[in-house]
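User: I've got a model on my screen and a few things I'd like to talk through. Can you walk me through it?

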Amino acid sequence: MSVDPYAICPCGNGSKIKFCKCKDSVSEMDQILTMIEGGQIVPALDKINSILEQHPDAAWAFAIRGRMFLDLREYASLEENADRFIRLQPSNPLALTQRAAALVFKEDLQGATDALLEAMNESGVEVDSLVMDVALIVAVAFARKGVILSARVFALLAANAYGFENDHARGFLSQLDGSSGMNHLLKVLPQLIPRPEDVAWGERYDEAISLLQSNKVPLAQDKFDSLRKSAALEPAVLSGLFHCAVWRGDRERQAEFALKLSEVDSLDQDTRVQYRAYHGLISPTDAFAVPCKTLRFEFEDVEQVEMSLIACDKAEQFSAERLSQIRPPEGEVPPRSGFHISDREISKDADGLGNGADAAVATAILLVFGRQTDRSAQAVAYDVPADRVEEVKAVVSGAIGECKELVEDSEPLPIGMAFEERPIRPTLPTSMAEITRFNREFVASHEGKRACQLPLSILGDRSLAEVAEDDSLLFERTTVVRVLEGQERLVGLEGALNDVHEISGIAKRPELTPDDETAGQVSVADYFRLNPDNLSRDVILALAASARSSGAIFACRRFAERLVETATEDDENKGVTLEGYAMLMTTTPEPTESIQIADKAIAFAKQAELTFAHLLLAKLELSLSLADQELFRQTIMDIETNYGNDPAVMAHVQQLLVQIGLIRPDGSVRQPGAPAAGPTEFTPAPAPAASPGVWTPESAPPKPAGNEGGSKLWVPGMD
């Protein structure tokens, strides 16, 4: 390889080859890269080892070998490589990044973040792509540990780094934000609180902030800790420590300083409530979790108990298919049978589903197990909320008669899961549209009320309904309501938040009416109360896109409705209107309504001479979710008529047909009864909250089924 001595050395230290210790061996890198590109990984590793024996200071070889070990998941070898690399060049950002990756896999996340932040600081202006890749690895590790704010900041670092296209990071953020239990408050890191003017410690504070912004977080944390000695209750100092804890992934310190900020009287009430909510959502003490119990009923005659439960008017037996889906706790045998325990008598002679708001509620799942060698037969109700323990015990013991009752502690349920309830349907639905309507009516009328019935430790193990008139708990009540306002499921249900405000005695906060300049400052957690009427269409579109990517589906739908409502015939940018239609279609909860919106959007696109392939493809998936064969056939015909010559569109259709088992991956028609390559039952596309948006013809065509492919190995200099 012809080497330019004035080029930057690929070892990553920022020096030119002429002045780097790698200059005597870097000419052999070309052979290594050729071997890697040809898939000769083992010979390439052998060659690198040989080079390092001859040239122990060949840092570029450590850089390439470390990435190879990372791709091969040889984490012990990666750690050894990183240690040798750092001994050779202690401040090399690639060496520090390799150490960070090795520490992640040793589950030392704080050490990994410190090494990664140091690597970023040593990188200067030019940041290597490996640093961003490992930032995403760190983010995923934090998410698995439940340290959400830290996961977000490192994922955002990888997703928004200038000059990098990291679709994996964006996909991870979309998946994180799209989780039904993810509170909107955890989707935004609060801003640093500025210090007061003319304070004696101002210069020291500014130094700490400068260190924090330079990614020297451990040094910044030391400075802020020192400042606490002279400014213990200053919000700016506590805010700085909170941010340091987020960047270092220290969950306990995050909770500690969020709580301290909530107790600072000089802050306004809204800010204090926000930090108290952060404390409860972050803290491992589960301030917003619902205590639960596991109930066991032991008996001798399991067949008699099953017959009694079948005859009980407050128990509904699982179908064989439903029972097969139950996954018992680890080490437990599969249950013989399963039942939903109801809060009322279940009507057996109902004429149709009726109104979902009047449906019976499943208060527990009861699984029946046969006799084991070390125990008698038993029925077990897992994770019963504390306020329903006595009710469930009464129903079960009343049905099965004489038995031994045991009550055990269970893991508490997060509040975002605890208020979700399941209706007991009196009869089988006749269509997907009917069951969608029924379920929607049920959750809208029940879940806001149920959220107010849950006992919470922040309220002294009482519920919002029980403390609604207790003025001594006004701050705590307000905090719980703020947390509930951050739950997308409640925000998106008609009347659910109204129930929360009415029962809790906490008034609604007023609508936000920003202008175009200030709209971007509104937090995702406040999108649900943002009125877009006075905003320009471009700003509304940006807000809608932000809401969709953040999982704020109710707000996205509201913004999209505004885009469609304000469309005019002489609108110069009809693409904005079409995008509004697309967002409205994908965020509408009723599939039948989504199809109607799709038809209007397609008609608009035809009139405006805009592409509408993405709308037809979304409509095709909606037809499958409704099991509407006629609509499916008609949509397929429309796609063929309008885009039959577009390979990207037809490739997407082919992938969908393979997925549901209608054709083989090679395009041939599958015979009825033949096994499908993938799932035989159609699974609807992910909810918009977990999706970057509607597919478009400009998107990369999907890979054929069974061909996962893989990215090429990264090497220094490929950025």
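Analyst: A contact here means heavy atoms within 4.5 Å. This is a predicted model, where local features need pLDDT of at least 70, side-chain atom pairs count only at pLDDT 80 or more, and totals for chains, interfaces and linings use all residues. Residues are numbered from 1 along each chain as its sequence is written, and side-chain values use heavy atoms, with hydrogens and water left out.

User: Which residues does Glu441 touch, not counting residues up to four places away in sequence?

Analyst: Glu441 sits in helix H19, residues 432–451; helices (H or I, at least four residues) and strands (E, at least two) are DSSP runs, numbered from the N terminus. Ala359 is 82 residues away in sequence, but the C-alpha atoms of Glu441 and Ala359 are 9.3 Å apart in space. Leaving out residues up to four places away, Glu441 touches Gly354, Asn355, Gly356 and Ala357.

User: Is Glu441 buried, partly exposed or exposed?

Analyst: Buried means under 20% relative accessible area, exposed means over 50%, and partly exposed lies in between (1.4 Å probe, protein chains only). Glu441 has a relative accessible area of 26%, so Glu441 is partly exposed.

User: How many contacts beyond four places in sequence does the model have for residues 674–719?

Analyst: Over that stretch, pLDDT stays under 50. Where pLDDT is low, the predicted coordinates should not be read in detail. With that caution, the model's count for residues 674–719 is 79.

User: What span should helix H13 have, and what do its end C-alpha atoms give?

Analyst: The expected span is 1.5 Å times one less than the number of residues. H13 (residues 251–262) has twelve residues, so it should span 16 Å, and this agrees with its end C-alpha atoms, which are 17 Å apart.

User: What do the buried residues of H13 pack against?

Analyst: The buried residues of H13 include Arg253, Phe257 and Leu261. Their packing partners are helices H8 (148–160), H11 (217–227), H12 (235–248), H14 (269–282) and H20.

User: Which residue follows H17?

Analyst: H17 covers residues 389–400, and among its buried residues are Val392, Val396 and Ile400. Cover for the buried residues includes strand E1 (289–299) and helix H15 (302–311). After H17 comes a residue with a positive phi, near 80°: Gly401.

User: Are H6 and H7 roughly parallel or roughly antiparallel?

Analyst: The axes of H6 (residues 109–123) and H7 (residues 129–145) come within 11 Å and cross at roughly 155°; axes are lines fitted to C-alpha atoms, for helices over the stretch in contact, and angles run from 0 to 180 degrees between N-to-C directions. Angles under 35 degrees count as roughly parallel, over 145 as roughly antiparallel, 65 to 115 as roughly perpendicular and the rest as oblique. The contact includes Leu116 of H6 and Val138 of H7. That crossing angle makes H6 and H7 roughly antiparallel.

Terms used
pLDDT = per-residue confidence, 0-100.
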